[in-house]
Amino acid sequence: MELRLSWLTAAVAVTLITIAATQQSDKSSQNPCTAKEKCHECIQTPTCAWCSQPNINDRPRCFRPSGDKDAHLQCDEAYVYDPDNMYTAISKMELRKASSSQSSSSQSSYSSSSSFSSSSSRYEAVQISPQEVSLTLRINDPYAMSIKYAQAEDYPVDLYYLMDLSKSMEDDKSKLSSLGNELAQNMQNITSNFRLGFGSFVDKVAMPYVSTVPKNLVEPCTGCEAPYGFQNVMSLSTDTSRFAGEVENAPVSGNLDAPEGGFDAIMQAVVCRKQIGWREKARRLLVFSTDAGFHYAGDGKLGGIVKPNDGDCHLDSNGLYTHSTVQDYPSISQINLKVKENAINVIFAVTSEQSGVYRRLQDHIEGSSSGVLTNDSSNVVDLVKDQYSKISSAVEMKDTASNYVKVTYASSCTKKDSPLIETNKCDGLKVGTVVDFKTTIEVTSCPPNPKDWKQKFMIYPVGINESLVVNLEMLCDCPCEREGHPEYEEHSSKCGTFGTYKCGVCECDSTHFGRNCECGTGTIRPGEGTDLNVGCRPDNTTTIDCSGRGSCVCGQCECENRGPDERVSGRFCECDNFSCDRHNNLLCSGKDHGTCECGKCKCEPGWTGPACNCRASNDTCIPPGGGEICSGKGDCVCGECKCFSEESIRYSGRYCNKCPTCPSRCEEFNPCVQCLVYGTGPFSKEECQANCTAFVPTVVEVIEANEDKDEYLCAYYDEEDCRYAFVYSYDEKGKLLVRAQEKRECPPEVRILGIVLGVIGAIVLIGLALLLLWKLLTTIHDRREFAKFEKERMMAKWDTGENPIFKQATSTFKNPTYAGK
């Protein structure tokens, strides 16, 4: 009986100990602050504060002011360090347009909240506000601020026309020369503050790009001048009447291979700001015109040119590129970097044969666009005007923040009463339209180098040489952890002279440990010094040391790890990195989505949810081109649309935009697919080049729609009664993708002449056959009748006799003139 009671008592004790350990573990996992043992670790955790008050016994120093009221009351306010995010506007001029006159009172600001006073001095346009701010941010504690943008009226425009002057572009040069004045006039109708420039390029003067035969270096082709890399023919100037003459007088040249040295020319036109004449406050347009592809980094090795492009300006007094045969071509990333640094919008004006290549190139160069030139460049004026309209009617916000800083944007764009949508781009803007971007800045982690805790980055509209400068200070440590602070003592007596006293705790040297550095390496083992075991328990509600997942050594927990990747941590071994929520059997949905810290998933930017399996934004639920979330026919759950069913109509698709009666864009894309893939349809070749620039179809043998990728299947019959099909969909960035059937399914060709001749021939043959048959039958019948007659004749018996009434005929002749003599 006594033995049974002892077993029962032991079982109850073990159960109580297990429950207490579980409760303590749950309590700790719900409060991430208690596991932080140093001040900088504490303040790098959102909502946590640090208590540096001496002698607070076993209470955790890192606590939540909003949740741990007892801990907050037991710590003197003078010792609590709980910094807040701080925002200071250093420069905040209101949005305005430029003025050079004394009477500016008639000018109004772009918003009701923006105003500016009259001034007799000239001032420049302001298109972004504020211009400079100072931010002090805690880690993972986002701060939201407002950034306003408006396109200024009559904003200056610099347009530099960069043209390929190889022999194949000779007719384009003549056409551009005749249209030069019209181009200038059209741009001056948009802005009176307009300047125009002109440059040309061919290729590197080296084999195998151009022929180095001496006579070909002088005249590579009939009527051609000597080849060259790039030349700035006419710097940007308000004297636009010169443009036509400069273009007309510019000589053409020749090269050997198909690609041209356009990248060399773009690099020099972008970085040679002084020589080209780019203005500081102007929208800068670089129109790049060619009918060929381009050489890029690495191609210079073919000509023995191995020195990388340095991205600097190398123009002589005549505007010629001096390092054409010294440096390799620049790379696409170099071009993109310099275009961003100099805030230039590149417009690729290329022929239809090259449009696909340059349309893909524009995706890698910020702020660039492309248009299709006719064979003789006769549509260049309309092309430049249309591209400028597209550029100026849209704004896209970008930033230069480091990997440790996350910047997100949300705006309702021109729909003032609509809810904010997470986007950094707005379209359909007009001059003076104010767009308000709610910009959220968050420090995701502290750089390892303390020098990087203070950073400066810019938030800017693409293609505009104005920006918001953000001076950011990251709160990665505490003042009491720095030398010179009253709570910072090296070799402190509070630490037995074996450590540094910081923020109320001891940081021991390499040979000592313990709360007050009272333990030396190897001096105390488990079981010795029972009073020190109190330091291994969070409070006196439990007798379990180190949450049952470690050993108490000299008042400190040594946690037991389950493996190289599964670790137990925390002051009382209350934390681990393996007991978080899972999704698809992946801890925190995988390393790309989040990491497990102290029993909770810490999600990477862009993900949220208990297991980091949900997207943080609704971007993936918004149809390409904008619109309501899930097309207004569903809810966005975890970044995916859950579609409704309304009145027996079931919506489906990635954006809930599919239903039996829902319209598609098949009719819209059909004419372009016909002319681009099959060369048929209502569009002529010129109309096709002008109207079908939204996509380049991919040709495949068999067309099948993948419902998982939200693809739309479109099938039609054309005027030749041929069936063809194509599918369209959108990628993750909202880019339109189209796949078209390679060959149309046409009915077999009907040969009318052959059929007519065949029918006539068949009728004639049948007629002849019938005649022959009739003749044959008639002949057979006649022969039978004749044979029957002959047979009857031979069988007949005839009697011979005279006819009694027969008289022999007698003829009497008498000559009336005969007288008997």
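These legends accompany close-up views of a predicted model. Local features are described only at pLDDT of at least 70 and side-chain atom pairs only at pLDDT 80 or more, whereas totals for chains, interfaces and linings use all residues. Residues are numbered from 1 along each chain as its sequence is written, and side-chain values use heavy atoms, with hydrogens and water left out.

**View A. Helices α4 and α11 cross at roughly 30°.** The axes of α4 (residues 170-190) and α11 (residues 380-392), lines fitted to C-alpha atoms over the stretch in contact, come within 9 Å. The two helices are therefore roughly parallel (an angle under 35 degrees). Contact, meaning heavy atoms within 4.5 Å, is made by L176, L179, E182, L183, N186, M187 and I190 of α4 with V380, V381, V384, K385 and Y388 of α11. These residues divide into 9 nonpolar, 1 polar and 2 charged, where Asp, Glu, Lys and Arg count as charged, Ala, Val, Leu, Ile, Met, Phe, Trp, Tyr, Cys and Pro as nonpolar, and the others as polar.

**View B. The peptide bond from S129 to P130 is cis.** Its omega is near 0°, and P130 is placed in the loop between β5 (128-129) and β6 (132-138).

**View C. The peptide bond from M207 to P208 is cis, with omega near 5°.** P208 lies in the loop between β9 (194-201) and α5 (214-218).

**View D. C503, although not a glycine, has a positive phi of about 55°.** C503 is found in the loop between β22 (499-502) and β23 (505-508), and is buried, with a relative accessible area of 1% (buried means under 20%, with a 1.4 Å probe and protein chains only).

Technical notes
Axes are lines fitted to C-alpha atoms, for helices over the stretch in contact, and angles run from 0 to 180 degrees between N-to-C directions. Helices (H or I, at least four residues) and strands (E, at least two) are DSSP runs, numbered from the N terminus. Angles under 35 degrees count as roughly parallel, over 145 as roughly antiparallel, 65 to 115 as roughly perpendicular and the rest as oblique. Buried means under 20% relative accessible area, exposed over 50%, partly exposed in between (1.4 Å probe, protein chains only).
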